Amino acid sequence: MAFDIARTRAAYPALTEGFTHFDGAGGTQTAAGVIDAVTDVMRTAVGNRSAAFEPGRRSLEVVAAARQAVADLLGAEPDGVVLGPSATALTYTLARTLGAGWRPGDEVVVSRLDHDANVRPWVQAAEAAGATVRWAEFDRHTGELPTGQYADLVGERTRLVAVTAGSNAIGTVPDVPAIAKIAHSVGALVCVDGVHSVPHGPTDLASLGADVLVTSAYKWSGPHLAAMVADPARWAALRPAKLVPSSDAVPDRFEYGTPSFALLAGVTAAVDHLAGLDPDAVGDRRARLRAGLAAAQAHEEALLDRLLAGLAARPAITVYGSPARRCPTVSFRVAGMSPVATQQALGEAGFCLSSGDYYAYEYFQTLGLRDSGGAVRASIYHYNTVDEVDRLLAELDAVADRTGTMAR
Ligand SMILES: Cc1ncc(COP(=O)(O)O)c(C=O)c1O
């Protein structure tokens with residue numbers, strides 16, 4: 001089907017403010033259904049979880065619904081869905097839990113393409129255990145993460161391989177299934193950061209080969225909450241640090257404190273929003289999610305091609321990386337301008353883009369770009385339009401003209 005962009009945009013109240021958002025990678029705008037769901041919970045009698053009284057049952061239902069929604073989104077079991085405040089917090093929980101079982105001589109493999117949230121928790125857990133950290137390198141020109149190196153990086157003592165399913169800096173989609181296969185050949189666990197990839201297409205835990213997959217709802221039209229999913233049997237084998245009286249059930253024992261019930265209702269509504277992106281889709285929610293996200297992906301890819309072609313036609317613009325498979329995310333610099341100056345100039349014209357390293361710390365450090373300000377990031381989401389891409393390119397020309405740099 002042709003992606004109905006007008007219908008899609010109408011689902012986002014914040015878009016009426018008139019900003020042009022190329023900052024989905026930093027957090028998307030919130031879908032109306034999410035706002036309504038959050039508000040509904042806050043307007044309704046809700047107690048802490050208890051089967052004994054109706055408001056307590058409501059919060060139990062809200063949590064169960066959020067687990068089911070995330071499970072549908074990722075192809076997981078609801079009992080395998082750990083909910084939490086952020087991908088970073090959840091990854092730290094897992095790293096501390098796994099790291100407690102590591103010994104000197106054990107090894108963990110992280111990548112320099114990853115967001116620091118899927119690097120530093122593992123590095124620090126390895127340091128605490130006296131384990132060794134091994135680094136997967138990306139190709140400096142293409143920005144790809146060559147799979148072949150994992151055969152050398154992974155060995156008998158590898159306990160964990162952490163890798164991204166989509167770079168939040170330059171969009172690279174590594175061959176995670178192939179990397180996972182290598183990791184599994186020695187019995188290592190594979191933790192996949194899906195925070196950047198999940199908003200941009202259908203995701204399936206099993207096909208990825210991920211033992212653990214992490215996602216954040218605020219990158220896919222939802223509230224600022226995150227989830228970490230695995231086979232419930234995987235969670236059952238792990239014992240996180242926890243309060244004595246808190247639930248020891250799986251997955252609850254990985255969740256700290258009283259959850260944000262209202263925002264969890266928003267997580268469910270965000271998944272329902274994604275499942276409705278293709279109004280003609282039929283079947284259960286997982287089938288509609290696949291159809292809706294595939295439609296959104298095709299729309300985003302067309303915009304990405306247009307953006308990349310436009311940037312390539314401007315000699316004063318340097319685009320970093322050219323990965324063959326990628327999310328619709330581009331990092332660039334305008335000659336003669338610091339990334340933050342470009343970001344500010346675009347910001348004054350109502351364009352919202354990130355600048356800096358966006359926590360893709362190792363990527364920019366490796367390229368030697370961090371100290372001079374990283375790059376500017378344009379990230380496309382399904383509510384972006386052809387016209388917005390064209391206006392961004394035109395504004396880049398205007399920005400460059402104003403500063404005496406010829407972008408064209
Ligand atoms: C690829 C990636 N991983 C992890 C994170 C961290 O997510 P959170 O803010 O939920 O901790 C981000 C946030 O930008 C990200 O883009």
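## Pockets and cavities

Helix 11 gives the largest share of the lining of the largest pocket, 3 residues. Helices here (H or I, at least four residues) and strands (E, at least two) are DSSP runs, numbered from the N terminus. Before going further, please note that this is a predicted model, where local features need pLDDT of at least 70, side-chain atom pairs count only at pLDDT 80 or more, and totals for chains, interfaces and linings use all residues. Residues are numbered from 1 along each chain as its sequence is written, and side-chain values use heavy atoms, with hydrogens and water left out.

The largest pocket holds about 450 Å³ of space. Its lining has 22 residues, and Ala165, Val173, Pro202, Gln297 and Arg325 are the closest to the pocket centre. Helix 7 (176-185), helix 8 (205-208) and helix 11 (285-312) are the elements that give two or more residues to this lining.

There are also 3 cavities of 30 Å³ or more. The largest cavity has a volume of about 50 Å³, and its lining includes His196, His200, Lys219 and Tyr381. On a 1 Å grid over the protein atoms alone, a cavity is a set of points where a 1.4 Å probe fits but cannot get out, while a pocket is an open set with protein on both sides within 12 Å along at least five of seven lines; lining residues have an atom within 4 Å of a point. Grid points are joined across faces, edges and corners, and a volume is the space filled by probe spheres set on the points.

## Aromatic rings

The structure holds 7 aromatic pairs. Rings of Phe, Tyr and Trp (its six-membered ring) pair if their centres lie within 6.5 Å; planes under 30 degrees apart count as stacked, over 60 as edge-to-face and the rest as tilted. Two of the pairs are set out here.

| Pair | Centre to centre | Angle between planes | Kind |
|---|---|---|---|
| Trp102 and Trp122 | 6.4 Å | 35 degrees | tilted |
| Tyr381 and Tyr383 | 5.0 Å | 80 degrees | edge-to-face |

Why does the pair of Trp102 and Trp122 tie together parts that are 20 residues apart in sequence? Trp102 lies in the loop between helix 4 (87-99) and strand 3 (107-111), whereas Trp122 lies in helix 5 (residues 120-129), so the pair joins those parts. Trp102 is buried, with a relative accessible area of 4%, and Trp122 is buried at 0%. Buried means under 20% relative accessible area, exposed over 50%, and partly exposed in between (1.4 Å probe, protein chains only). Tyr381 is buried at 1% relative accessibility, and Tyr383 is buried at 1% as well.

Phe138, Tyr358, Tyr363 and Phe364 are linked into a cluster by ring pairs. The ring of Tyr358 also has the charged end of Arg377 over it, 4.3 Å from the ring centre. Elsewhere, Arg112 lies over the face of Trp135, at 4.1 Å from the ring centre. A charge sits over a ring if NZ of Lys or CZ of Arg is within 6 Å of the ring centre and within 35 degrees of the ring normal.

## The nonpolar cores

In soluble globular proteins, nonpolar side chains tend to be buried together. A nonpolar core is a set of buried Ala, Val, Leu, Ile, Met, Phe, Trp, Tyr and Cys residues joined through side-chain atoms within 4.5 Å. The largest one has 74 residues, and Leu73, Tyr150, Val192, Trp220 and Tyr363 have the most contacts inside it. Helix 10 (residues 261-275) gives the largest share of this core, 10 residues. A second, separate core of 29 residues includes Val123, Leu189, Cys191 and Val214.

## Backbone details

Most residues other than glycine have a negative phi, and most peptide bonds are trans. Tyr358 is buried at 10% relative accessibility, whereas Tyr359 is exposed at 58%.

The peptide bond from Val250 to Pro251 is cis, with omega near 5 degrees. Pro251 lies in the loop between helix 9 (232-236) and helix 10.
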